[in-house]
Amino acid sequence: MDWLKQWIWYNGNFLGIEWSIWKIVGWLGNAVFFSRFFIQWYATERKKQVVVPSAFWWLSLSGSLLLLVYSLRQRDSVFIFAYAFTWIPYIRNLMIHHQHKEAHTGCPACGRSCPPTANYCAACGNRLQRDAGIAAAQ
Ligand SMILES: [Zn+2]
């Protein structure tokens with residue numbers, strides 16, 4: 001067990017890392033960014049189909065911003081470039097996610113959220129109201 005103790009407390013530092021507030025910011029960024037994989041994996045396993053929940057994009061955005069702040073502090077151009085533009089697809093995906101969610105219709109019978117293209121509720125088979133509106137206009 002001495003090898004484990006030596007690995008955890010190497011040269012008098014936890015994991016041999018010289019800790020500072022910036023190291024905490026950087027490691028927090030790594031933890032947040034890495035956690036998105038578990039969120040996406042969990043959502044996919046739960047639905048038994050590939051799912052990318054909005055939490056994945058929020059974790060991507062916040063983790064990469066923490067890593068960008070850390071890389072700016074370190075003045076590491078390679079690291080800065082790696083995280084300088086990643087927020088663009090993350091924010092765009094969050095915008096599309098929001099627009100898609102807004103376009104959904106709530107089923108008046110069971111309350112389930114139904115996709116914009118659905119004419120009937122997948123859960124209870126109830127005809128959706130937007131169809132009734134179109135039918136009334138014709
Ligand atoms: Zn329904």
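Helix H2 (residues 21-47) packs against helix H3 at an angle of about 160 degrees, with the two axes 8 Å apart. Helices here are DSSP runs of H or I with at least four residues, strands are E runs of at least two, and both are numbered from the N terminus. Axes are lines fitted to C-alpha atoms, for helices over the stretch in contact, and angles run from 0 to 180 degrees between N-to-C directions. H2 and H3 are therefore roughly antiparallel. That label applies to angles over 145 degrees; under 35 counts as roughly parallel, 65 to 115 as roughly perpendicular, and the rest as oblique. The model is predicted: local features need pLDDT of at least 70, side-chain atom pairs count only at pLDDT 80 or more, and totals for chains, interfaces and linings use all residues. Residues are numbered from 1 along each chain as its sequence is written.

H2 passes H3 in a left-handed crossing. A crossing is left-handed if the near helix is turned anticlockwise from the far one by less than a right angle, and right-handed if clockwise. On the H2 side, the contact includes Trp22, Val25, Leu28, Asn30, Phe33, Arg36 and Ile39. On the H3 side, Phe56, Leu59, Gly63, Leu66, Leu67, Tyr70 and Arg73 are among the residues involved. Contact requires C-beta atoms, placed from the backbone, within 7 Å. By class, the contact of H2 with H3 holds 13 nonpolar, nine polar and two charged residues. Ala, Val, Leu, Ile, Met, Phe, Trp, Tyr, Cys and Pro count as nonpolar, Asp, Glu, Lys and Arg as charged, and the others, Gly among them, as polar.

Asn30 lies in helix H2. Its C-alpha atom is separated by 6.5 Å from that of Gly63, 33 residues away along the chain. Asn30 counts as partly exposed because it has 14 C-beta neighbours inside 10 Å. A residue is buried if 20 or more other C-beta atoms lie within 10 Å of its own, exposed if 12 or fewer, and partly exposed in between, with C-beta atoms placed from the backbone.

H3 also packs against helix H5 (residues 87-103), at an angle of about 155 degrees and with axes 9 Å apart. H3 is therefore roughly antiparallel to H5. The crossing of H3 past H5 is left-handed. Ser54, Trp57, Ser60, Leu61, Ser64 and Leu65 of H3 meet Trp87, Tyr90, Ile91, Asn93, Leu94 and His97 of H5. Trp57 touches Tyr90, Asn93, Leu94 and His97, leaving aside residues up to four places away in sequence.

A further H3 partner is helix H4 (residues 77-84). The axes of H3 and H4 come within 8 Å and cross at roughly 155 degrees. H3 and H4 are therefore roughly antiparallel. Their crossing is left-handed. Ser64, Leu67, Leu68, Ser71, Leu72 and Gln74 of H3 meet Phe79, Ile80, Tyr83 and Ala84 of H4. The residues of the contact of H3 with H4 divide into seven nonpolar, three polar and no charged.

The largest nonpolar core has ten residues: Phe33, Phe56, Trp57, Leu59, Leu61, Leu66, Leu67, Leu68, Tyr70 and Tyr83. Helix H3 (residues 54-74) supplies the largest share, eight residues. Such a core is a set of buried Ala, Val, Leu, Ile, Met, Phe, Trp, Tyr and Cys residues joined through C-beta atoms within 7 Å.

Ala84 is partly exposed because 14 other C-beta atoms lie within 10 Å. Ala84 and Cys121 are 37 residues apart in sequence and 43 Å apart in space, C-alpha to C-alpha. His100 belongs to H5. With 11 C-beta neighbours inside 10 Å, His100 counts as exposed. Between the C-alpha atoms of His100 and Phe81, 19 residues apart in sequence, the distance is 31 Å.

Two loop residues stand out in backbone geometry. Most residues other than glycine have a negative phi. Asn11, not a glycine, has a positive phi of about 50 degrees. Asn11 sits in the loop between strand E1 (9-10) and strand E2 (13-14). Asn11 is exposed, with 8 other C-beta atoms within 10 Å. Lys48 has a positive phi near 55 degrees. Lys48 is placed in the loop between H2 and H3. With 7 C-beta neighbours inside 10 Å, Lys48 counts as exposed.

Terms used. Two residues are in contact if their C-beta atoms, placed from the backbone, lie within 7 Å.
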